[in-house]
Structure formats: C-alpha cells, structure tokens
Amino acid sequence: MVGNTPVLWVTEPLAPSGRGFWAKLEGANPGGMKDRTALHMVERATARGELAPGDPIIESTSGTLGLGLALAGMVHGHPVTLVTDPGLEPLMRHMLAAYGARVEMVEQPHPVGGWQQARRDRVAELLAEDPRAWCPDQYRNPDNREAYESLALELVAQLGRVDVLVCSVGTGGHSAGVARVLRRYFPHLKLVGVDTVASTIFGQPAGPRLMRGLGSSIHPDNVDYPAFDEIHWVAPSEAVWACRALTATHHASGGWSVGAVALVAGWLARTSEPDARIAAVFPDGPLRYFDTVYNDDYCRTHGLLDAPVPDEPATITHPGDAVVTSWTRCTTVLDPRGRRRTEPTAQSTTSHRPTADGIDRRSDHASTAQEITR
C-alpha cells in the first residue's frame with residue numbers, strides 16, 4: 001500500500017506549452033507521503049529496542065503524519081495518541097478517530113511557538129504521565145529523513161535523471177532525505193524549498209498561518225539548510241489557485257503544500273534550461289481539503305479567490321530584507337538559529353527517546369549551517 005507512487009507530467013497552465021515538470025504523487029499512498037516516515041520511524045525504534053510491543057505512541061501532528069502513525073500503530077500493535085489543534089480539519093479529526101487513534105486537542109497557542117509549541121508541550125506532559133510511551137519527534141528524529149530514501153530511489157528509476165527537486169518544507173524530513181540520496185546519483189542537483197508566508201523556518205518572523213502541512217513556528221532540526229539552493233515563500237491564495245488549476249486540468253491535485261510546490265515548479269519550468277528535468281513532490285491528495293481549499297465559501301471568507309496571482313515571484317537578496325506576504329524568492333539560505341556548522345552531519349544512529357520536556361538531548365543528529373549564499 002505504501003510506496004511506488006506514480007509520477008505525472010504537469011504542463012499548462014502551471015507551465016508553458018512544451019515545458020513542464022514531473023509531479024511525484026504521494027497522495028497515492030493511503031494517507032499521504034508521511035506514511036513512509038511513520039512506518040520507518042516506528043520500525044527503526046522497535047529495532048533499537050526503544051519501542052516495546054504494545055507501548056503507546058504519542059506525537060504532535062497537523063494531520064498527515066497522524067494518518068501515517070495510525071497506520072503504523074495498527075500494523076505493529078501500538079495505541080496511538082495524536083495531539084493537534086483547532087486548525088485540524090473536522091474530516092481529518094473524524095478519520096483519525098475512525099482509524100483508532102486517540103485525538104487530543106490543545107486549546108491555546110503558545111505565546112512564542114504558536115500551536116506547534118503548544119502541541120509539543122502537551123506531548124511532553126503525556127510522556128511524563130506514562131514512562132512506557134514513545135514519541136517519534138518528527139522535527140528532530142533523523143529516521144524522518146532516512147525514511148525518504150525509497151522515494152528518492154523511485155524518482156531515479158522513474159525519471160532517469162533529476163536536475164531540480166522542488167519540496168515543501170515543514171519538519172524538513174523529505175527535502176533533506178530525498179535530496180541527499182538524489183545527489184549520490186546527480187551531484188549537480190538543485191534543491192528548491194517552498195515555505196509559507198509567516199513561517200520562521202528560513203528567517204522570516206512568525207505570524208498566523210492559514211496553510212497547514214508546510215511552514216513552522218519553531219525551527220525543526222531536520223531542516224538541512226546547506227542542501228538548499230533557493231527558497232520560495234507562497235501565500236494561501238496563490239496555493240489555492242494552483243491547487244484548483246491542477247484539479248481542473250490534470251485530475252490530480254492536493255492541499256496547501258501541493259499548490260505551493262506546483263506554483264514554484266511551474267515557474268522553474270518556464271525559467272530553467274529547456275532540457276532541465278524538474279521533479280516536484282506532491283505530499284498528499286485533495287480529499288482532506290474539501291472544506292478549505294476546494295470550498296468556495298471558505299475561500300471567499302478568507303479572501304482567497306479574488307487575490308491576483310503573480311506570474312513570477314518577487315525577489316529579495318536576504319530573508320531579513322522584508323516581511324513577505326506573497327510569493328517571494330530568495331537565494332540566500334540561512335539557518336535562523338545562528339548555528340555555525342558548515343557541513344551536514346552524518347545521520348545519527350543513536351537511541352532516540354525524547355525527555356519529558358520533549359527535547360532530544362542528542363547533539364549529533366541535526367544538519368545546521370552558518371549563512372549560506374548560493
């Protein structure tokens with residue numbers, strides 16, 4: 001059920017006639033792209049002896065990882081508790097419960113870290129209450145990255161060559177994992193990250209975010225800053241336009257991340273060398289977004305249908321130059337935490353069980369870098 005997802009050639013209206021990009025349709029997995037990482041993290045923790053038979057799994061999620069963990073818990077016999085927030089779509093909440101997961105809702109955002117930090121704080125409380133419980137900690141766990149080797153190898157087999165890889169960035173797992181494997185085969189690979197406006201990942205200030213599945217109010221350690229050649233920030237109305245354009249012309253679409261990635265990949269198809277082979281990862285399908293992205297009333301309420309969609313991104317030279325509110329590109333990629341390491345570290349294989357405060361005490365699992373200008 002998981003893996004061996006198809007690729008689809010995407011052209012007009014996202015890209016000009018005669019040009020296009022290949023979309024990796026991870027929505028063909030039963031729950032989406034994060035089925036891969038949920039299963040892998042559980043299997044690796046079991047192999048290391050961190051997760052015993054029947055132990056509870058507790059994690060924070062905005063939705064898609066929750067589906068994967070529900071699947072992993074069902075397959076491997078673990079009760080699953082998922083901590084989420086009011087932004088989770090009602091459909092997703094009901095589906096997670098139907099899959100047997102216990103869903104906990106936090107009621108107030110953290111004053112600095114927003115909903116994500118509030119969810120992580122609640123996870124830490126639940127871990128402290130049950131010493132048997134295990135948290136995958138998708139933001140810091142290197143197994144999150146390693147899970148996407150299969151996706152990368154599928155792209156190699158399906159496309160033969162990849163020159164440009166376009167990925168949304170949330171936890172940082174799939175962009176880091178796929179790019180690292182692809183560069184074994186294609187050292188020239190260009191990695192383009194896609195974030196949402198009001199996300200802190202690449203040095204913008206945090207703010208309220210409508211889009212889920214990409215972006216962050218915290219700084220995930222799995223983001224491999226040295227790997228990126230450029231970053232694009234996309235606004236919700238722009239993602240909605242791209243999602244609906246894909247749906248109407250290719251019968252394949254998805255949610256916020258898919259729309260944002262498709263918008264950027266289409267622009268790259270217009271502006272790159274004609275023979276450049278561009279691959280874009282579409283993390284999920286459209287069904288969970290029926291009451292947001294594909295709901296006219298919701299989109300009108302949030303001003304997402306009438307806003308103009310630019311033909312190309314604005315450009316800034318440094319993430320600190322401006323607070324971006326619409327599609328914007330930057331080729332200066334920096335780690336906003338100010339870490340000074342200049343090369344990615346090797347994947348850690350040490351035991352991974354976060355402490356009760358939700359913080360992983362290992363020091364060798366994250367790839368960080370000083371400011372990198374491509």
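This is a predicted model: local features need pLDDT of at least 70, side-chain atom pairs count only at pLDDT 80 or more; totals for chains, interfaces and linings use all residues.
Colleague: Why is Q138 called buried?

Modeller: The relative accessibility of Q138 is 4%, and the word buried is used under 20%, so Q138 counts as buried.

Colleague: What makes the pair Q138 and K34 a polar contact?

Modeller: The side chains of Q138 and K34 are joined at 3.3 Å, and the cut-off for such a pair of N or O atoms is within 3.5 Å, with one atom able to donate a hydrogen and the other able to accept it; the pair is therefore listed as a polar contact.

Colleague: Which separation is found between the C-alpha atoms of L91 and Y289?

Modeller: These two C-alpha atoms are separated by 8.6 Å, although L91 and Y289 are 198 residues apart along the chain.

Colleague: How do you know that strand 4 and strand 5 pair?

Modeller: Pairing asks for at least two bridges, and four bridges join strand 4, residues 80-84, to strand 5, so the two strands count as a pair, and they run parallel. Within this pairing, T84 stands opposite M105 of strand 5.

Colleague: What makes strand 3 and strand 5 the edge strands of the sheet?

Modeller: The sheet is open and has three strands in the order 3-4-5, with parallel pairing; strand 3 (57-60) and strand 5 (102-105) each pair on one side only, and they are the edge strands. On average, neighbouring strands of this sheet are turned by 20° against each other, direction ignored.

Colleague: Which residues lie nearest the centre of the second largest pocket, and how many residues line it?

Modeller: The lining has 16 residues, and P30, G31, L67, L287 and R288 lie nearest the centre. Helix 2 (64-76) and helix 3 (90-98) are the elements that give two or more residues to this lining, and helix 3 provides the largest share, three residues. The space in this pocket is about 300 Å³.

Colleague: What classes of residue make up the lining of the second largest pocket?

Modeller: Eight of the lining residues are nonpolar, six are polar and two are charged.

Definitions and conventions
Residues are numbered from 1 along each chain as its sequence is written. Side-chain values use heavy atoms; hydrogens and water are left out. On a 1 Å grid over the protein atoms alone, a cavity is a set of points where a 1.4 Å probe fits but cannot get out, and a pocket is an open set with protein on both sides within 12 Å along at least five of seven lines; lining residues have an atom within 4 Å of a point. Grid points are joined across faces, edges and corners, and a volume is the space filled by probe spheres set on the points. Ala, Val, Leu, Ile, Met, Phe, Trp, Tyr, Cys and Pro count as nonpolar, Asp, Glu, Lys and Arg as charged, and the others, Gly among them, as polar. Axes are lines fitted to C-alpha atoms, for helices over the stretch in contact, and angles run from 0 to 180 degrees between N-to-C directions. Buried means under 20% relative accessible area, exposed over 50%, partly exposed in between (1.4 Å probe, protein chains only).
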